[in-house]
Amino acid sequence: MCSSDLDGETMKAILKQGATLATALLTVTTLTGCGENSSTQQTVSPAAAEKESYNLRLAHTWPTKFPIFGDAIHNMATMASKMSDGRINITIDSKNKHKAPLGIFDMVKSGQYDMGHSASYYWKGKVSNTLFFTTMPFGMTAPEQYAWRYYGGGQELAEKVYAPHNLITFPGGNTGNQMGGWFQKEINTIEDLQGLKMRIPGFAGEVLAKVGAKPTNIPAGELYTALERGTIDALEWVGPSLDLRMGFHKIAPYYYTGWHEPATELQFLINKEKWASFPADIQEILRVAMRTAAYDMYAQSQHESAKNWASIKTEYPNIQVKSFPTAVLQAMKSANDTLIAERSAADPLAKEIIDSQAAYLSTARAWTKISDQSYFQTVEALK
Ligand code: CA
């Protein structure tokens, strides 16, 4: 027994990192040769030799303690730490700290931060093909899109888009189908959208511009004030999972159903050089932590949406839930198709992504219809 070779601090450090006493003693015995070479013990800390730390800094787009989105980030970091036995430590900075909610792409690309959490379509003004990896108007639902991303070539295409920018992106949590937004006035015809100033990011914003509205993107923390002060006339954010606690119903009575974000996937971003510097086990732990946190956010979103939707009728009776008239939706779908065709013609990589999504949607939707849709109809018919 060579436990006398251990100084108190070394033992404390080993035990703090979760090793059992027996493991600690065995490890140090192995490393030091049971005191036969005391110089080894002095120059190589057994704890350090056993565990290399990976300290990562993550910046995200959302305010401090933002629910659901923020939960996904913290879940990922906690899982990564536990699965690595404390080797991975992720420090999380909200937009309140770094002051650049829409600067995540640049900060992770440059290495100012190692990781990020945001939404891919926020970067379409910088790298246009990033817009395809959040959600697309009239596109796939969350199960269909996850299937495309993980099994239908989506992740490979995302990596193709981000790699030239020293970035890797992974799914970062899905909100499920989003609501169409909060409006101060009813939308009865396409004319009602003319000149309408609306916060709506991504490709849906381009579609609205095409039919005469004035879309803009505003970070989450500024949405309420912008609508209240009339900087914008309407906004979309997420859905009942997050909208009600933002208070939009106090300043806009009409709540429209969705068409524009059927499967909004957030993203984890990682600096590519940093990622490449990690050993395989650390990469895999991070990959599993991100994937699990993303799936978990989808489940949490479903839970919060259903719970909060149920509360609308009892707690917020003044909210008027509407759907856009068919003629308005047809105009938006037509604009969507025109814009997609233009992008496809202008950029080979955009065409590759668009073709991949369209082909996958066609196949996946046929199954969704015969499975989920038929099931809904069957069950509804029994009521
Ligand atoms: Ca949204």
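**View 1. Six donor atoms coordinate the calcium ion.** The donors are Gln178 (OE1), Glu236 (OE), Glu236 (OE), Trp237 (O), Glu261 (OE) and Glu261 (OE), at 2.2 to 3.1 Å. Donors are N, O and S atoms within 2.8 Å of the metal, or 3.2 Å for Na, K and Ca; water is not among the atoms, so the site may look incomplete. Angles among the six donor atoms run from 42 to 170 degrees, and the site is irregular. (Six donors count as octahedral if opposite donors are over 155 degrees apart and all others between 65 and 115; four count as square planar by those limits, or as tetrahedral if all angles lie between 85 and 135 degrees; anything else is irregular.) The donor residues are spaced Q-x57-E-W-x23-E in sequence. Glu236 sits in the loop between β8 (234–235) and α12 (243–246), and Glu261 in the loop between β9 (254–256) and β10 (265–271). This pair, 25 residues apart, links distant parts of the chain.

The model is predicted: local features need pLDDT of at least 70, side-chain atom pairs count only at pLDDT 80 or more, and totals for chains, interfaces and linings use all residues. Residues are numbered from 1 along each chain as its sequence is written, and side-chain values use heavy atoms, with hydrogens and water left out.

**View 2. Helix α8 (residues 142–151) packs against helix α14 (residues 280–315).** Helices are DSSP runs (H or I, at least four residues) and strands likewise (E, at least two), numbered from the N terminus. The angle is about 170 degrees, with axes 12 Å apart. (Axes are lines fitted to C-alpha atoms, for helices over the stretch in contact; angles run from 0 to 180 degrees between N-to-C directions.) The two helices are therefore roughly antiparallel. (The limits: under 35 degrees is roughly parallel, over 145 roughly antiparallel, 65 to 115 roughly perpendicular, the rest oblique.) Ala142, Pro143, Tyr146, Tyr150 and Tyr151 of α8 contact Arg291, Ala294, Tyr295 and Tyr298 of α14. Contact means heavy atoms within 4.5 Å.

**View 3. Helix α9 (residues 154–162) packs against helix α16 (residues 348–381).** The angle is about 160 degrees and the axes lie 11 Å apart. That makes α9 roughly antiparallel to α16. Leu157, Lys160 and Val161 in α9 meet Leu349, Glu352, Ile353 and Ser356 in α16.

**View 4. Helix α15 (residues 326–346) crosses α16 at roughly 130 degrees.** Their axes come within 5 Å. The pair is therefore oblique.
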